[in-house]
Amino acid sequence: MKFNESWLREWVNPAISTEQLCDQITMLGLEVDGVEAVAGDFSGVVVGEVVECGQHPDADKLRVTKVNVGGDRLLDIVCGASNCRQGLRVACAVDGAVLPGNFKIKKTKLRGQPSEGMLCSFEELGIKVEQDGIIELPADAPIGTDLRQYLQLDDKAIEISLTPNRADCLNIAGIAREVGVINQMAVQSPKIEAVPTTIADKVAIDLQAPDACPRYLLRVVKGVNVNATSPLWLQEKLRRCGIRSIDPIVDITNLSLLELGQPMHAFDMAKVAQPVQVRYAKEGEELVLLDGSTAKLQSNTLLIADQNGPLAMAGIFGGEGSGVNRETKDVILESAFFAPLAITGRARQYGLHTDASHRFERGVDPQLAHQAMERATALLLEICGGEAGEIVEAVNHNFLPKSNTVTLRRSKLDSLLGHHIDTDTVTNIFQRLGFGTEYRDDVWTIQSPSWRFDIEIEEDLIEEVARIYGYNSIPNHAPLAHLHMKGVPEKLLEALRVRTALVDSDYQEVITYSFVDPKIQSLLHPEQEALILPNPISSEMSAMRVSLLTGLLQTVAYNQNRQQSRVRIFEGGLRFIPDSQAENGIRQEAVFGGVIAGEKNTVHWEQKAENVDFFDLKGDLERLFSLTKARQQLEFVAKTYPALHPGQSAAILLDGKEIGFIGTIHPKIVQKLGLSGKPVAFEILAEAVAERVIPEAKEISRFPANKRDIAVVVESDVPAGEIINLCRQAGGEKVVNVNLFDVYQGSNLESGKKSLALSLTIQDTEKTLEEDEINAVIKTVLNALAERFNAYLRD
C-alpha cells in the first residue's frame, strides 16, 4: 500500500515529523518499507502563462514564446515541446532556478533567439508522471506562485507492507484511524452526504449467488461528460499513490479504493441488458477483459453478467464490452461486498492480480458500500455533471459477515504481556479502536467492528492492547531461570569425536540428500524395501534412503567426473527402514558410512603410487574402533552383499550382532554407476561407536617383558583374527600383546594349511618371570589353539 503523507494529514495531523510518523506506523504493525519525495529537489520554478507562442525562425521544432510569470515584463523563452500553446498555464523555471541534478537555469540564446528561462516537463522536475511535453496546469492556477507551494510538492510518498489480516488498512481511512488511535486524536474524514435523486431510472438486479455476494449496489448516473478533465488534486492524489490518471470516472473509482478501501466499477449503461446478474460462470463462457485479453472462464468464478453474457469478473477485472469510453453518456456505478472465499485464488487462476482482488480476498468492510457509492456519486456529478438515480440494493443478511464477540480475561492479559496495564487504559484503547466494550468481573466483552475480520480469539485482543499501548512501553524483564546442567556420562563417545577421527585419517565429510533415486537404490539393495514419497521433488529423489551408500557412490562419481581421482569421503546421517513394528512404520537409524577410491596416498616422488584396497579401509575402521569400547570384541566375518564384490566383503560383528559391512564395490555396480577403479565402502551403526572405554589407572610393570615367537599351522580358512583373540584369552593378564608378523603357505606344508607366525609379549606386574613360568604361558596358549583349531607348532 502506497500513500502520500499530506493526504493522511488531511484526515489526522499529529504534531510529529515524517520520521516519527513512520516509526509510529511501523510499531502499529503496518511496516514502512520505504519513504520517498514526491518530486525532485528544485527551486525557482513558478506558475506562468504563455501569452504568445510562435514558430522559431531558424528551427522547425522550436517555438519562441512570451511568458507571464507575474513580473514587470514578459519573459522570452524558447521551447521545444509540441504541446506548448498560447494561453497555457505552465511550470516556468526562471533565471537562477536550480532543477534536480543541480541543473542551473540562466539566460542564453537558442539558435539566435533569447531564452530567459525554461518551460518544464514532469520528468525535468523529478516527478514520476508518464506524459509527453511540458506540464499543463489548470487555467485557474495563480500566475507567479511557487510551483512547489501550488502543487504541495514538499510531500512524501510512504509505502507500507501489510499482513493479510490487516486489509482494513489498505486505504487512507484505515491508516488514519490507526494513527488517530495511537495519538489520541479525532479523525477528520470527508463529509459524505446522500446525493439527491433527480431521475427515476433504476437498475434491476438478479442476485443468484448471495453466499458469494451478499450485498450488491448499483446506481444510474445519466448525462455525464466523460471527456472532462480530472481536477489536479485528484490526479495528484492518485499519482502519489502510484496510480496513473486515466479519465474522471476511472479516477473516481480508484479514489474510492484508496480513500475508503471500497473497490468500485463503472459500466456503460448503453451496453448493459438488464437485469444485471451476479452469478457463477457457466462452462465455455469467455470474457474479453479491459486489457484486451480473453479469459476462458471457469465455473468457480463469480461474474457480473447481463442477458447477453458476462460483463466483468466480480471483484477482479472489468470487461471491455461494458467498459466506459469517450462516447459514454450514461454510467452504472457498482459498489458491492464480495465474500473473501469467493474471490481468493480466482485472480491467480487467470494470471491476474488487481488492486480490487487484493482487497476483496482479504476482506472489505461490508457496511462500506453505501458510503462509497454516495462519495463517488457526489464527485462524479461535481466533475462530469449529470443526474443521479436511486441506489438499488440487493442484500441477503444471512450471508453478511457477523460481528464477533470475544472475551478477554484480566489474568490472561497480564500473564501474556508480563506487565499490568491499568483497566481504564485498556478499556480506552478498545473504545478508541471502535470496539464495543464492556468490562465486568475482571473480564472485557468486546464486539468487533465491521472492518475488523481478524478479531476472533482472546490473543487477538491482547495484541491490540500491546500495539496501541506501545511495545516500547512494556518494560523488559529478562526471565530468571535456575539452570541445572545435565550430567554427561563419561563413557559417551560424541559423534563429533568420531567425525574428527575420520578427518584425521584424511577423509572429508559430505552431506547427501535423504531422498535418493529408487533405481540406483534398488540396484545396491535389491532385497530391501524403501519408503516412496507421495509428492517427491523429482523422480530421481522419490525414495527415502535405506543406506548412505547410494549418496556416497553418487558423490564419488561426481568427483571422478571432475578429475578428482583420489576420493576419501564419509557421512553421518539417518537411514530409513520400513518396519511395521516401529512408530509411523519407519525405523530411523543413525549410521556412519564412507567410501575410498583411487590412490592410497597423494602422489609423491619418494613412494610408488598404489591404489586403495579392502585392507586400507579395514585399517581405518580398526583405528576408529580403537577409540571405542568395542575395540577388542570386533570381528570381521566374510559375507556377500549384492552391492559388494564376492570374496572382498565382510560383515562387521560386535558380540555376535551385525553392526555394519565393509567391502569392495561390485564390478557391475562400478560399471553401471560410471565409477572408476575399485571403490571400497563401509557402513556401521552409530550406536556401535557411541561408547568408549573409561580410563582406569593401572600400575605399569617395573619388570622386564619377554617376547616369544611361535609359528602355528592351521587350516587355511581359519581367520587370523580368531587365532589372535584366543591367544589373548588363553594367556590371561600375563600376555600383554599379540602380533601377527607373517603368514606362510608353501610346498612344505600340507594342502589346505597355512602357517601363522605370532609374537607374544609376556610380562608380570609383580615379579620377573622365570623361564619355566614363561614356557607355562606358551604351553597354555598352544593347548588352547590345538583344542579349538587343531593347530600345531610348525617344525
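Which residues does Glu334 touch, not counting residues up to four places away in sequence? In this predicted model, where local features need pLDDT of at least 70 and side-chain atom pairs count only at pLDDT 80 or more, totals for chains, interfaces and linings use all residues. Residues are numbered from 1 along each chain as its sequence is written, and side-chain values use heavy atoms, with hydrogens and water left out.

Glu334 is placed in strand β21 (residues 331–337), where helices (H or I, at least four residues) and strands (E, at least two) are DSSP runs numbered from the N terminus. With contact taken as heavy atoms within 4.5 Å, Glu334 touches Tyr216, Leu217, Leu218, Met264, His265, Phe267, Ile304 and Met373, leaving aside residues up to four places away in sequence. Glu334 is buried yet has no salt bridge, and Arg279, the nearest side chain of opposite charge, is 13 Å away. Here buried means under 20% relative accessible area, exposed means over 50%, and partly exposed lies in between (1.4 Å probe, protein chains only). A salt bridge is a side-chain nitrogen of Lys or Arg within 4 Å of a carboxyl oxygen of Asp or Glu, and for charge in general Lys and Arg count as positive and Asp and Glu as negative, while His and the chain ends are not counted. The side chain of Glu334 does make a polar contact, at 2.6 Å, with the side chain of Tyr216. Such a contact is a pair of N or O atoms within 3.5 Å; within protein, one must be able to donate a hydrogen and the other to accept it, and residues adjacent in sequence count only if both atoms are side-chain atoms.

Side chains of opposite charge can pair when their charged atoms come close. A search of the whole structure finds 50 salt bridges. In one of them, the side chains of Glu5 and Arg9 meet at 2.8 Å, N to O; both residues lie in helix α1 (residues 5–11), 4 residues apart, which is about one turn of the helix. Glu5 counts as buried at 7% relative accessibility, and Arg9 is buried as well, with a relative accessible area of 18%. A second salt bridge joins Glu464 and Arg452 (2.9 Å, N to O), and this pair links distant parts of the chain, since Glu464 is in helix α13 (residues 458–469) and Arg452 in the loop between β26 and α13, 12 residues apart. Glu464 is buried at a relative accessible area of 2%, and Arg452 is buried at 3%. Glu464 and Arg452 also belong to a network of salt bridges that links them with Arg166, Asp168, Glu178, Asp454 and Arg467. In a further salt bridge, the closest N and O atoms of Arg575 and Glu683 are 2.6 Å apart. Arg575 in strand β30 (residues 567–578) and Glu683 in strand β35 (residues 680–685) are 108 residues apart, so that this pair too links distant parts of the chain. Both Arg575 and Glu683 are buried.

A pair of aromatic rings is described by the distance of the centres and the angle of the planes. Rings of Phe, Tyr and Trp (its six-membered ring) pair if their centres lie within 6.5 Å, and planes under 30 degrees apart count as stacked, over 60 as edge-to-face and the rest as tilted. By this rule the count comes to 6 aromatic pairs. The rings of Phe430 and Trp444 have centres 6.4 Å apart and planes at 70°, so this pair is edge-to-face. Because Phe430 lies in helix α12 (residues 423–432) and Trp444 in strand β26 (residues 443–447), the pair ties together parts that are 14 residues apart in sequence. Phe430 is buried at 0% relative accessibility, and Trp444 is likewise buried at 0%. Most residues other than glycine have a negative phi, and most peptide bonds are trans. A cis peptide bond, with omega about 5°, joins Gln274 and Pro275, and Pro275 is found in the loop between β14 (264–268) and β15 (276–280). Asp655, in the loop between β33 (644–654) and β34 (657–665), has a positive phi near 55° and is exposed, with a relative accessible area of 65%.
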